[in-house]
Amino acid sequence: MRSDYLFTSESVSEGHPDKVSDQISDAIVDLFLSKDPEARIACETLTTTQLVVLAGEIRCKGVFENGEWAPGAQDEIEATVRRTVKEIGYAQDGFHWERLEFINRLHGQSAHIAQGVDASDNKDEGAGDQGIMFGYATDETPDLMPATLYYSHKILERMAADRHSGAAPFLEPDAKSQVTLRYEGSLPVAATAVVVSTQHAKGYDEGDKEAELHAYVKRVVSEVIPPVLLRETKYYINPTGSFEIGGPDGDAGLTGRKIIVDTYGGAAPHGGGAFSGKDPTKVDRSAAYITRYLAKNVVAAGLATRCTIQIAYAIGVSEPLSLYVDTHETGTIGDDKIEQAILGITKLGGLTPRAIRTHLGLNKPIYKPTAAYGHFGRKPDGDLFPWERLDLAEDLKAALS
């Protein structure tokens, strides 16, 4: 296995047009789950200049039943959309939370999909779709995430916090980051390049104001990335020169277009399915969460320093078709034995969709916070980010003893 190389990951801010769409879609998921924990939601969002469009399929008691909207439901959906855009910080001429046009094209879920997914007298609930999902963990960072993505996220999170607090009033919501690390012996030893492009107030693309913005970005980077890694770093800050027009006014946004940012920054495989806008019966989401949970606990248990886990499902079928563990030759025990241990842990319920949702507590309005700065590597807090808990490590060790 190659041990000396350069590797790069990127992140995008909460104001990036695709992330605006993701956050709106997940705000709708949370709204419906708050009304009906068994709601079915597949909500796609389009954002562009002064326009937000929702499309997709839903089923939700008290909101949309028998092909009809409940009184006030559509107004509540619109209010949720506008509040989400306002919280991100968009009150610009080209995209303003209060003045944008809103179109709702959500409609009822297909009865043919429902009959395959819903539980009945003689069958357990089936997977909401076919597909393959991957989870990953590595000991490169305290959150067991790839360092390139970890630092890319942290840079933008710090900048967003400063924008919201007023500490950096020249920043606007749209931004991107990218970190390149040099690895030796599979460990990061230097950040060779850091790219940050941020939307800015008028005038911060020349002279003293541009210098102020550049100095601010470098200070943030120095506070996020350990100084030992910054000895040979090249910085690329707003390399196009100007970035005043941004967000959905600068580029259309769509739900589900930042799936690598959402997961592992390219350091692990991806099954291709997006997360945002989907209720947890969709295994694109729930199975990706359980495989991250499993991989993270494998590493936390000391069974490996890197771990990739794949799982596969067929639509309407409850049992997974396959489970695959790869510890990349870092395991202290055979990968096949880890697979057997996972499938033998009773509390995981054979990794059926229902068992995943029950074990992780996914039928709750917990999804909007996932829609910016990554679904993984986050701090579990009450009901939030339960797939980041390390409460399976002892079960794994016991099953392998």
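Q: What is the bridge partner of Glu 44 in E3?
A: Ala 55 is the bridge partner of Glu 44. Before going on: this is a predicted model, where local features need pLDDT of at least 70, side-chain atom pairs count only at pLDDT 80 or more, and totals for chains, interfaces and linings use all residues. Residues are numbered from 1 along each chain as its sequence is written, and side-chain values use heavy atoms, with hydrogens and water left out.

Q: How many bridges join E2 to E3?
A: E2 (residues 40-48) and E3 (residues 51-59) run antiparallel and are joined by 9 bridges. Strands here are DSSP E runs of at least two residues, helices are H or I runs of at least four, and both are numbered from the N terminus. Two strands pair if DSSP finds at least two bridges between them.

Q: And which residue in that hairpin takes a positive phi?
A: Gln 50, with phi near 50 degrees; the hairpin has 2 residues between the strands.

Q: Which way do E3 and E6 run, parallel or antiparallel?
A: Parallel, with 8 bridges joining E3 to E6 (residues 101-108). Val 53 stands opposite Ile 103 in E6.

Q: New topic. What is the strand order in the open sheet with E12?
A: The order is E7-E12-E13, 3 strands with antiparallel pairing. E7 (131-138) and E13 (322-326) are the edge strands, each pairing on one side only. E7 and E12 pair over 8 bridges, and Ala 137 stands opposite Cys 307 in E12.

Q: Which strands does H8 touch?
A: H8 packs on the sheet and touches E7 and E12 (contact means heavy atoms within 4.5 Å). The direction of H8 makes about 30 degrees with that of E7. Axes are lines fitted to C-alpha atoms, for helices over the stretch in contact, and angles run from 0 to 180 degrees between N-to-C directions.

Q: Where is Gly 302?
A: In the loop between H8 (283-300) and E12 (306-313). Gly 302 counts as partly exposed because its relative accessibility is 43%, between buried (under 20%) and exposed (over 50%), with a 1.4 Å probe and protein chains only. Its C-alpha atom is separated by 8.6 Å from that of Ala 393, 91 residues apart along the chain.

Q: Now H4 and H5: at what angle do they pack?
A: About 125 degrees, with the axes of H4 (residues 147-165) and H5 (residues 207-224) 9 Å apart.

Q: Which residues meet there?
A: Among them, Tyr 151, Ile 155 and Met 159 in H4, and Tyr 216, Val 217 and Val 220 in H5.
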